[in-house]
Every structure is written in C-alpha cells, then in structure tokens.
Amino acid sequence: MDWRIIDYVRLLLYCKIMKRFLILFICFLYPLTSIAQDLQQAHIIEQINKASAQMQSLECEFIQTKYLSILNDKMVSKGKMYYQQADKLRWEYTIPYTYTFILNQNQVLLKNDSRADVIDVNQNRMFKEIARMMMNSIVGNCLSDEKSFKTTVQVSGADWIATLIPLKRDMKQMWNKLVLYINPDLKVVYKVEMHEPSGDYTIIDLINIKTNNKISTEVFNIN
C-alpha cells in the first residue's frame, strides 16, 4: 500500500469535510448577521420617528445641485426651507430665480414672478404624493412608509444613510431611488439624493439647520 496515496485520500476527505463545515457555518452566520442588521435598522428608524414626533419646526437654507447626464452639466440653485408640524412646508428658491412652493394642510401654492396657482392636493393625486413625500423626507417619516418604499438603513462613518426604492408606479416614473443622509446626533436629514430613471440626479444639501424655533404663520400663507 502506497501511504502517499492514503495520505492524499485523507487530505481530500478532510478538505471536503472542512468545505461542508464552512458552508454550514456561513449558512448559520448569515441569518444572525441579517437579524442584527434588521434590529439595527429598526432601532435607527425608531429613533428618527421619535425625534420627528418631537420636532415642532425646522428651518434652514439649502443648495440644490441637479446633474444632467446627457449634457454632462449641472445646475445649482439656492433657497430657504421652513417646516412646521405636521402639515406646513415652504420651499423657496431665491437664486438664480425666485420660485415658491407652499404646502398648508390640503392646499399647495406655486408662485413665481409672473403668476400664482393654488392647488387642492386632494383633487390631484400626483401633487398629493409629491407633497407627502417632500414633507416626510424632510423629517424622515418616509422611512416607515412600507407601502411607498423599500427602505434600507446603514451606518456609514458618522452618518446614517437611508436608501428608499419607490414601490408605487407614479413614484417609479420620477425616481429610481432616494437617498437620505441623517445626522445621528440631531436625528435630522441634512442631505437628499434623488435619482431619476433618465440617469439625471439631484442633490439637496440642507445647511444652517435650526429646529423648534417659532415660525411666523405668514410664512405658510397661501392667500
């Protein structure tokens, strides 16, 4: 009997056993890792929801950069944003043009230098979805909207990053995904990425964020 052949056979058997062991170990470890990730995500979303429930108001400046894939160019605009719980939002562009979007309960005001239009969101499903998404994205409530988005949350450095994949047809036509960057200390969104099916995408940076300051009711005046 050639002992070298026997040793070779033993080595093959050992390798097969170790391979099976590794496969079983990975199969056992993967659910534990998945469960840990799910628990972490649920904990983060719970903290954000709790903070948004306690947030009475938020105001900030923003820089919006839209990247155009076809032209290989970008457009930059700036403005101010005001939010008041739970159904008031003012999104006002000031540079390089003036344009104002105001949501006050069930009404939306769209205003530029030449005209102003008031829309009842209950009469326009698309506007209702956009208004609701804008409102919920600002405070992070959209993370719990399982009917509208498939959401994953991860920790990256000092940030929480939430990726939202639209589930509704109307939303899919506008965006492939939304990415929210959240400050873990303040529990507020400070950057939003909106990726479109065309390949264009928009990044909105929120700066000089102030929470729970008193905001004049005139800021949200529709008339």
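This is a predicted model: local features need pLDDT of at least 70, side-chain atom pairs count only at pLDDT 80 or more; totals for chains, interfaces and linings use all residues.

Me: Which residues lie nearest the centre of the largest pocket, and how many line it?
Reply: The lining has 24 residues, and Gln64, Trp91, Tyr93, Met134 and Met194 are the ones nearest the centre. Several elements give two or more residues each, including strand S1 (57-68), strand S3 (88-95) and strand S10 (188-195). Helix H2 (125-139) is on that list too, and H2 gives the most, with 6 residues. The space inside comes to about 620 Å³.

Me: What makes the lining nonpolar, polar or charged by class?
Reply: Met, Trp and Tyr count as nonpolar, while Asp, Glu, Lys and Arg count as charged. Sorted that way, the lining has 19 nonpolar, 3 polar and 2 charged residues.

Me: How do you know that S5 and S6 pair?
Reply: Two strands pair if there are at least two bridges between them. Strand S5 (residues 107-111) has 5 bridges to S6, so the pair qualifies, and the two run antiparallel. Across from Leu110 you'll find Asp117 in S6.

Me: Why is one side of S6 and of S7 left without a neighbour in the sheet?
Reply: The 11 strands form an open sheet, ordered S6-S5-S4-S3-S2-S1-S11-S10-S9-S8-S7, with antiparallel pairing. Strand S6 (116-120) and strand S7 (149-156) stand at the edges with a single partner strand each, so one side of each has no neighbour. On average, neighbouring strands are turned by 15 degrees against each other, direction ignored.

Definitions and conventions
Residues are numbered from 1 along each chain as its sequence is written. Side-chain values use heavy atoms; hydrogens and water are left out. On a 1 Å grid over the protein atoms alone, a cavity is a set of points where a 1.4 Å probe fits but cannot get out, and a pocket is an open set with protein on both sides within 12 Å along at least five of seven lines; lining residues have an atom within 4 Å of a point. Grid points are joined across faces, edges and corners, and a volume is the space filled by probe spheres set on the points. Helices (H or I, at least four residues) and strands (E, at least two) are DSSP runs, numbered from the N terminus. Axes are lines fitted to C-alpha atoms, for helices over the stretch in contact, and angles run from 0 to 180 degrees between N-to-C directions.
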